[in-house]
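Subject: Structure for you, with notes

Hi,

Here is the structure I promised. Please have it open while you read the notes below.

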Amino acid sequence: MHLVTVGKPNVGKTLLLINFAAYLGLTELRVELPDGEGGQQVKRLSLDRARRDLMSWSTPKTRVIQTAILEQPVGRQRLRVLAVDTPGIPEGISPNPDQRHLTALTLEWLTTAQMVVHVVDASAVHSTRPESPGAFDLALARYGHQLASYIVVANKMDKVGSAEGLRAIRDAYQDVPILPVSCITRRGFRDLKQWILRTMA
Ligand SMILES: Nc1nc2c(ncn2[C@@H]2O[C@H](COP(=O)(O)OP(=O)(O)OP(=O)(O)O)[C@@H](O)[C@H]2O)c(=O)[nH]1
Ligand SMILES: [Mg+2]
């Protein structure tokens, strides 16, 4: 099962995967990423190390498609997904060919993923920051609406302005499931886990 996180830069895609892994009780991530020479390299990272190395303090951070296995026994079921962390997709067509290539690779992943988690920054709705939800997000929500398993994660619900942002997102993206989440407080993680389990069943 492939779970792909997708969204604009800096919305929290990578932190969502790392902190959700922590929530599941994992202590390290087995991360697979391109080695730059056409192959893949595998790294085992503690979650602290993953936060330091994989998350963005500067935008954009994730410049490759990186994967990690999320796994946890749940009763008789076993939650096991290959999480695919993708580079942020900026608004509009980038003049940078590398960025366009990454965007194309990400969109290709969406066509094969069993689960698509579209992350938006609920606290940035009324801002002009690059992570502010925009036309790309709306188009993705329309596309996602047709998929078997698609959810919008309205992230950063711990931040000022996020409640109004969530309302605006709900108005704009009607008919798609929207889950309010904070990667910092872990709000919504239980619901995200339930959603994954339902999708896997
Ligand atoms: N307050 C708050 N900050 C968050 C939350 N989630 C992510 N952040 C912050 O948002 C910034 C970006 O997080 P990342 O996980 O690197 O975002 P990303 O979407 O992977 O970014 P790119 O890889 O550049 O596309 C970091 O400074 C995080 O600490 C959240 O729920 N609450
Ligand atoms: Mg990232």
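Start with one pair in the sheet: Thr 5 has Asp 85, in S5, as its bridge partner. The model is predicted, and local features need pLDDT of at least 70, side-chain atom pairs pLDDT 80 or more, while totals for chains, interfaces and linings use all residues. Residues are numbered from 1 along each chain as its sequence is written, and chains are lettered from A and ligands numbered from 1 in the order in which they are written.

The sheet

Strand S1 (residues 2-7) runs parallel to strand S5 (residues 77-85), with 4 bridges between them. Strands here are DSSP E runs of at least two residues, helices are H or I runs of at least four, and both are numbered from the N terminus. Two strands pair if DSSP finds at least two bridges between them.

Angles run from 0 to 180 degrees between N-to-C directions, and axes are lines fitted to C-alpha atoms, for helices over the stretch in contact.

The H1-H2 pair

The axes of H1 (residues 13-23) and H2 (residues 47-54) come within 10 Å and cross at roughly 180°. H1 brings Thr 14, Ile 18, Ala 21 and Ala 22 to the contact; H2 brings Leu 47, Ala 50, Arg 51 and Leu 54. Contact means C-beta atoms, placed from the backbone, within 7 Å. These residues divide into 6 nonpolar, 1 polar and 1 charged (nonpolar: Ala, Val, Leu, Ile, Met, Phe, Trp, Tyr, Cys and Pro; charged: Asp, Glu, Lys and Arg; polar: the others, Gly among them).

The core

The largest nonpolar core has 42 residues. Such a core joins buried Ala, Val, Leu, Ile, Met, Phe, Trp, Tyr and Cys residues through C-beta atoms within 7 Å. Leu 3, Val 117, Val 153 and Ala 154 have the most contacts inside it. H1 gives the largest share, 6 residues. Beyond four places in sequence, Val 117 is in contact with Leu 3, Val 4, Thr 5, Ile 151 and Val 153.

Loops to check

Lys 156 sits in the loop between S7 and H5. Its phi is near 65°, positive in a residue other than glycine. Lys 156 is buried, with 26 other C-beta atoms within 10 Å (20 or more is buried, 12 or fewer exposed, in between partly exposed; C-beta atoms are placed from the backbone). Met 157 is in the loop between S7 and H5 and is buried, with 21 other C-beta atoms within 10 Å. Leaving aside neighbours within four places, Met 157 is in contact with Ala 122, Ser 162, Leu 166, Pro 180, Val 181, Ser 182 and Arg 187.

Arg 186 is in the loop between S8 and H6 (189-200). Arg 186 is not a glycine, yet its phi is positive, about 70°. Arg 186 counts as partly exposed, with 15 C-beta neighbours inside 10 Å.

Best wishes

Notes: Two residues are in contact if their C-beta atoms, placed from the backbone, lie within 7 Å.
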